[in-house]
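Reader: I should like to go through this model by means of questions, each answered by reasoning from the structure.

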Amino acid sequence: MYCPTCAAQNIDNAQFCRACGADISFLSQARTRRLPEKEQQTAEKGLRYSFIGAGFLIIGIVMAFLAPAPTNWGLCFSMLCAAIPLLGTGVAKILYVRRYEQALGSATGETQKLTGQSVGQLPPRDTSEIIQPPSITEETTKILSVRPDHED
């Protein structure tokens, strides 16, 4: 992970930049991406449809064995007619979200290469880039002016 202040390379779980000392602990939290709201809802609908379809499928199978002979095939067929489209739609939505996650993960392939690094694997720190901060009193003395002594 790179520091947003000085662009120095740091290990992934670092809290402070090793070059400038900036707080970079928020970067590891920002790297954990959530799906956008639309894809999150699509995944939830996919799970819901899959469970409802599986429920209809189980009811259809139970009806085939427990219902009386003249009605069991009609009930079983109607349950299967409801189960198959629901299962298909649910699985399709789940697969869509999985493909979206994979596409999102391959877009960030460069950051995935850097995961699991230790400090020894990072390039050496170039200390010539570090600039000593100016003195606090340097700026305040510039705005002060010398006043002539007033004689009473």
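The questions and answers below concern a predicted model.

Reader: Which pattern does the protein chain follow when read along the sequence?
Author: In this predicted model, the protein chain holds five helices and zero strands. Read along the sequence, the pattern is therefore made of helices, as DSSP runs define them. It is α-α-α-α-α.

Reader: What share of the residues in the protein chain is buried?
Author: The protein chain exposes about 11,600 Å², and carbon and sulfur atoms supply 61% of that area. A residue counts as buried when its relative accessible area is under 20%. Of the 152 residues in the protein chain, the buried share is 22%.

Reader: How many residues make up the largest nonpolar core?
Author: In soluble globular proteins, nonpolar side chains tend to be buried together. Here the largest nonpolar core includes M1, C3, I11, I24 and L27. L27 also touches M1, Y2 and P4, with residues up to four places away in sequence not counted. The number of residues in this core is 10.

Reader: How far apart are the end C-alpha atoms of helix α2, and why does this agree with its 30 residues?
Author: Helix α2 covers residues 37–66. Because each residue contributes 1.5 Å, the helix should span 44 Å. The distance between its end C-alpha atoms agrees with that value, at 43 Å.

Reader: With which residues is T42 in contact, leaving aside its neighbours within four places in sequence?
Author: T42 lies in helix α2, and among the buried residues of that helix are E39, T42, A43 and G46. T42 counts as buried because its relative accessible area is 14%, and the cut-off is under 20%. Its contacts beyond those neighbours are K93, Y96 and V97.

Reader: What is the C-alpha to C-alpha distance between N72 and G60?
Author: N72 has its place in helix α3, residues 69–107, and is buried, with a relative accessible area of 7%. Neighbours within four places in sequence aside, N72 is in contact with M63, A64 and A67. N72 and G60 are 12 residues apart in sequence, and their C-alpha atoms are separated by 8.7 Å.

Terms used: Residues numbered from 1 in each chain as written. Predicted model: local features only at pLDDT ≥ 70, side-chain atom pairs only at ≥ 80, totals over all residues. Heavy atoms only, no water. Core = buried A, V, L, I, M, F, W, Y, C linked by side-chain atoms within 4.5 Å. Buried < 20%, exposed > 50% of the residue type's maximum accessible area, 1.4 Å probe, protein only. Contact = heavy atoms within 4.5 Å. Helix = DSSP H or I, 4+ residues; strand = E, 2+ residues; numbered from the N terminus. Expected span 1.5 Å × (residues − 1). Areas by Shrake-Rupley, 256 points an atom, 1.4 Å probe, with all protein chains shown as cover.
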